[in-house]
Amino acid sequence: MEDSPEMKEPVIGIKHINKTYTVGTQVVEALKDVSLKIYKNDYVAIMGPSGSGKSTLMNILGCLDSPTRGEYVLNGTDVSNMDDDELAEVRNKEIGFVFQTFNLLPRYTALQNVALPLIYAGVGKEKRLERAEEVLKMVGLGDRMEHRPNEMSGGQRQRVAVARALINHPSIILADEPTGNLDTKTSIDIMRLFEDIYKKGNTMIVVTHEEDIALHARRIVRLRDGMIESDEINPNPMIE
């Protein structure tokens with residue numbers, strides 16, 4: 001990172017975030033007073049055992065859910081109390097998602113899957129396809145544009161998902177267990193791709209329970225029982 005964190009505004013700033021759910025008569029505190037800042041071109045892994053709150057935190061960071069209490073400022077905009085429609089608009093503009101299960105439409109080609117977010121953004125067809133082609137080449141799938149998901153390997157499908165995440169020039173790439181359905185060699189390939197994306201200036205957040213995946217990040221945030229247990233710089237990131 002070129003600037004020291006003190007010199008610039010964070011891309012993500014959450015303060016005293018709480019998230020509670022009511023399950024029957026029981027109130028579950030999924031997040032308890034969580035504060036976190038993430039800066040432009042950070043590469044952060046969020047880790048924690050099952051039930052630690054990492055999925056809840058990811059949903060809030062990704063504007064898929066709102067906190068019960070606390071403040072969330074994303075790229076200068078307070079999104080803490082937005083309604084679902086407003087959150088959807090912010091998500092489409094600011095965040096590129098990569099999921100464990102790829103979430104591709106089976107009847108669509110790679111090109112059509114990648115172009116999909118630009119339909120919601122109101123971009124014309126010619127520009128949509130031009131940009132989709134550009135990002136598919138960027139992730140090494142220039143020769144797979146007309147293939148459908150069932151004609152591709154797991155690693156290729158995840159590369160399509162990464163291309164789709166990049167298409168809107170988002171502020172943040174948010175990856176949820178991105179290698180969970182991949183074998184070891186393919187996982188390494190995907191993490192190498194993330195490294196390339198990070199080096200181009202993107203802000204990367206990877207939610208994972210796998211230590212070897214987290215070790216690719218420059219910073220590791222560990223959650224336990226809904227609270228941040230540690231937030232440390234990784235002195236020796238694994239770079240493939």
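This is a predicted model: local features need pLDDT of at least 70, side-chain atom pairs count only at pLDDT 80 or more; totals for chains, interfaces and linings use all residues.
Visitor: What should I know about the model and its values?
Guide: Local features need pLDDT of at least 70 and side-chain atom pairs count only at pLDDT 80 or more, while totals for chains, interfaces and linings use all residues. Residues are numbered from 1 along each chain as its sequence is written, and side-chain values use heavy atoms, with hydrogens and water left out.

Visitor: Why is H3 called oblique to H4?
Guide: Helix H3 (residues 110-120) and helix H4 (residues 125-138) pack at an angle of about 125°. Angles under 35 degrees count as roughly parallel, over 145 as roughly antiparallel, 65 to 115 as roughly perpendicular and the rest as oblique. That makes H3 oblique to H4.

Visitor: What makes Lys15 and Glu71 a salt bridge?
Guide: The term asks for a side-chain nitrogen of Lys or Arg within 4 Å of a carboxyl oxygen of Asp or Glu. Lys15 and Glu71 meet at 3.9 Å, N to O, so by that definition the pair is a salt bridge. Lys15 lies in strand S1 and Glu71 in strand S4, so the pair ties together parts that are 56 residues apart in sequence.

Visitor: Why does Asp143 count as exposed?
Guide: Exposed means over 50% relative accessible area, buried under 20%, and partly exposed in between (1.4 Å probe, protein chains only). Asp143 has 53% relative accessibility, so Asp143 counts as exposed. Its salt-bridge partner is Arg144, and Arg144, at 24%, is partly exposed.

Methods:
Axes are lines fitted to C-alpha atoms, for helices over the stretch in contact, and angles run from 0 to 180 degrees between N-to-C directions. Helices (H or I, at least four residues) and strands (E, at least two) are DSSP runs, numbered from the N terminus.
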